[in-house]
Amino acid sequence: MKTLNDFNFQDKKALIRVDFNVPLDANFNVTDTTRIVSAKPTIIKILEDGGSCILMSHLGRPKGVQDEFSLKHIVSKIEDILGVEVKFANNCVGEEATEKAAALQPGEILLLENLRFYEEETKGDRDFAQQLAHLGDIYVNDAFGTAHRAHASTTIVAEFFKDAKCFGRLLAMEIESIKKVMDDGEKPVLAVLGGAKVSSKITIIENILDKVDHLIIGGGMTFTFVKAQGGSVGDSICEDDKMELALEIMKQAEAKGVKIHLPVDVIAADAFSNDANTQICDVMHIPDGWQGLDAGPKSLENFDAVVNKCKTILWNGPLGVFEMEAFANGTIALGNSIANATKNGAFSLVGGGDSVAAVKQFGFEHSVSYVSTGGGAMLESLEGKTLPGIAAILD
């Protein structure tokens, strides 16, 4: 696996695929700088070697050229974070991009305009990728968030850099963290899977059953498993067509010696609202007109005991509707349990949009071992898929 450490970038132009698809407010202010901050170690290493950086990224899902999706809006924020002036090209290919890239001196940074202003980017067009490739000497992929896409800038461009391509710091760390859980995890290994639907996590569950010792299932998925076992779930979210599958998963887990932990009680509400009336219900006996929206106190006690005896922990998905304060306690309690286990030497990896959002919202970012930057890419990695952006560098 080639990383930045395998290259000296002195007098070299590094063409870096970063993921600067950051959220902006109505005035084009960046509201979450995580992705820019995450790319900083790669960029600084190259500059300190005496190289220059050509940054390429997408922003949003523009239909052709749309000013609100221009990367020019984030130049000043990138400069603030890197502490270096950032030049900007009003295109990512063509005359201006070529001239500005050619004129780039060691220690300088050039940001190219939004790749997705061209449909050739998402189509993985070879000619477009070749035009990008002409801009740099060494290709660095540091965009885990797009590594599951076979786009021109994430996958195809690597073909033009035979031995001059590598992973950036961030992408290398993502690969190592997933490997640490999926292949090299110190036992006991625990996966916590939450979220609304079993259907969205089937492939992950099937892939990780051979790798984990314990599996905590929470969130809306719970009720498909509960109903499949003959429980009453009231008005809770439930995928009736996946009940057979839930029983099959439990059977497979038992055969592989994996212990599944489901909530034993839930916080049930008489409406999907922060102001709803609530009661604690046995998970097998939720009355009609009530829906489970968070894990209950006994469940959290049980989960805490499981988390704290495990040495490797993967957390993907919240335990309840954490966006509403009334149903956030389960996710917060789980975060505290994982933080405590981490403090005591466990390796903890948090991945997937909702769990990452929860970790940030409740301030657990620095209390776990690693927070993944890629939603879809993380999920596909956990499903056991080889991501095209990663395969292109290894090739």
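How much space lies in the second largest cavity? In this predicted model, the second largest cavity holds about 30 Å³ of space, and its lining is made up of Leu300, Phe303, Asp304, Val307, Leu319, Gly330, Ala333, Leu334 and Ser337. Two elements, helix H10 (297-307) and helix H11 (329-343), each give two or more residues to this lining, which by class has six nonpolar, two polar and one charged residues.

The count of cavities of 30 Å³ or more comes to two, and the largest cavity contains about 50 Å³ of space. Among the residues that line the largest cavity are Val18, Asp19, Arg35, Asp142, Phe144 and Thr373, and helix H1 (residues 34-49) gives the most to this lining, with three residues. By class, the lining of the largest cavity has five nonpolar, three polar and three charged residues.

The largest nonpolar core has 96 residues, of which Phe20, Ile43, Leu112 and Leu215 touch the most other members; the largest share of this core, seven residues, comes from helix H6 (residues 169-182). A second, separate core of 23 residues includes Ile216, Val306, Leu334 and Val359.

Asparagine 114 is placed in the loop between strand E4 (109-111) and helix H4 (119-123). Because its relative accessible area is 0%, and buried means under 20%, asparagine 114 is counted as buried. A polar atom of the side chain of asparagine 114 lies 2.9 Å from the backbone oxygen of leucine 59, and a polar atom of that side chain lies 3.0 Å from the backbone oxygen of phenylalanine 69. The residues that asparagine 114 touches, leaving aside those up to four places away in sequence, include Ser57, His58, Pro62 and Cys92.

How values were computed: Residues are numbered from 1 along each chain as its sequence is written. This is a predicted model: local features need pLDDT of at least 70, side-chain atom pairs count only at pLDDT 80 or more; totals for chains, interfaces and linings use all residues. Side-chain values use heavy atoms; hydrogens and water are left out. Helices (H or I, at least four residues) and strands (E, at least two) are DSSP runs, numbered from the N terminus. Buried means under 20% relative accessible area, exposed over 50%, partly exposed in between (1.4 Å probe, protein chains only). A polar contact is a pair of N or O atoms within 3.5 Å; within protein, one must be able to donate a hydrogen and the other to accept it, and residues adjacent in sequence count only if both atoms are side-chain atoms. Contact means heavy atoms within 4.5 Å. A nonpolar core is a set of buried Ala, Val, Leu, Ile, Met, Phe, Trp, Tyr and Cys residues joined through side-chain atoms within 4.5 Å. On a 1 Å grid over the protein atoms alone, a cavity is a set of points where a 1.4 Å probe fits but cannot get out, and a pocket is an open set with protein on both sides within 12 Å along at least five of seven lines; lining residues have an atom within 4 Å of a point. Grid points are joined across faces, edges and corners, and a volume is the space filled by probe spheres set on the points. Ala, Val, Leu, Ile, Met, Phe, Trp, Tyr, Cys and Pro count as nonpolar, Asp, Glu, Lys and Arg as charged, and the others, Gly among them, as polar.
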